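Hello,

Here is the structure I promised to pass on. My notes follow below it.

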Amino acid sequence: MRRKIVAGNWKMNMDLSQTESLIDDLMKTLPESDAEVMIAPTFVNLYRAFELLKNNKIEVIAQNMHFEESGAFTGEISAAMLKSVGVKTVILGHSERRAYFGETDGILAKKVDTALKHGMEIVFCFGEELEDRKSDNHFNVVGSQLKNALFHLPADAWKNIILAYEPVWAIGTGETASPEQAQEMHEFIRKTIAEAYDEALANEVSILYGGSVKPANAEEIFGKPDVDGGLIGGAALAAADFGAIVKAI
Ligand code: PGA
């Protein structure tokens, strides 16, 4: 059975008191759900988020990490540091990291290896840009993003991988991929994994969709057979919207 997951990526939003009050709202209002619910606050508030959510099933995850173990990498955060405050899952490969911070497939492959070495679970993000889709190159781009960062992994590492397909043109733009576009790409992703590994493995991987998921469109997107949940940006910053999306799954 594939896991159903709704993960909120808070990005560079929410200071300490805002983090506390959003978590408080989520604890009070989040609907019961069979899906796993994750939130990714900024690094400086992870520790506090864990304190607040100690007896709650909302999982606190990180937005990024470095691939080196430790040392002279000013401003960076290691896997061991994340684990020491309780983080078990890390988002890697977000399109904003790729676009603004120069994270290439090669860097991401190293990050993936380090996270797995530390026994962490990964929400691995990838997706094509508008130009790629316009030039009908989106399947090639997505296929090579997967291959370059993940297909060196042995089959048993995949139990720690959650995929998040996020077409860049749909992130924070209010424009979503249609449920059909999402399904078509998720199906392609599963087929690509089946070819590289096998069908059983491909069927076990949870593939989330991300990019302007809102209460109004969540149910339709999550209703597609190969969509196992969502990675939510803007709508994760308001408890009512995030709750409605959790309800939709
Ligand atoms: P969005 O962001 O929901 O605001 O489009 C999604 C993401 O970047 O993960």
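How many residues does helix α8 have, and how far does α8 reach from its first C-alpha to its last? Bear in mind that this is a predicted model. Helix α8 covers residues 179-196, which is 18 residues, and reaches 26 Å. That is close to the 26 Å expected at 1.5 Å a residue. Buried residues in α8 include Met185, Phe188, Ile189, Arg190 and Ile193.

Arg190 also takes part in a network of salt bridges with Arg2, Asp226 and Asp228. The whole structure has 16 salt bridges.

Glu36 forms a salt bridge with Arg3, with the closest N and O atoms 2.7 Å apart. Glu36 lies in strand β2 and Arg3 in the segment before β1, so this pair ties together parts 33 residues apart in sequence. Glu121 also forms a salt bridge with Arg3, again with closest N and O atoms 2.7 Å apart. Here the link runs from strand β5 to the segment before β1, 118 residues apart. Arg3 is partly exposed at 27% relative accessible area. Glu121 counts as buried, at 11%.

Glu103 and Arg97 form another salt bridge, at 2.9 Å. Both Glu103 and Arg97 are buried.

Now the ligand. It is surrounded by 13 residues, the closest being Lys11, His94, Glu166, Gly172 and Ser212. The shell has 4 nonpolar, 7 polar and 2 charged residues. A polar side-chain atom of His94 lies 2.6 Å from a ligand oxygen atom. Polar backbone atoms of Ser212 and Gly234 lie 2.7 Å and 2.8 Å from a ligand oxygen atom. The protein buries 97% of the 280 Å² that the ligand exposes when taken alone.

Best wishes

How values were computed. Residues numbered from 1 in each chain as written. Predicted model: local features only at pLDDT ≥ 70, side-chain atom pairs only at ≥ 80, totals over all residues. Heavy atoms only, no water. Helix = DSSP H or I, 4+ residues; strand = E, 2+ residues; numbered from the N terminus. Expected span 1.5 Å × (residues − 1). Buried < 20%, exposed > 50% of the residue type's maximum accessible area, 1.4 Å probe, protein only. Near = heavy atom within 4 Å. Polar contact = N/O pair within 3.5 Å; in protein donor to acceptor, adjacent residues only side chain to side chain. Areas by Shrake-Rupley, 256 points an atom, 1.4 Å probe, with all protein chains shown as cover. Nonpolar A, V, L, I, M, F, W, Y, C, P; charged D, E, K, R; others polar. Salt bridge = Lys/Arg side-chain N within 4 Å of Asp/Glu carboxyl O.
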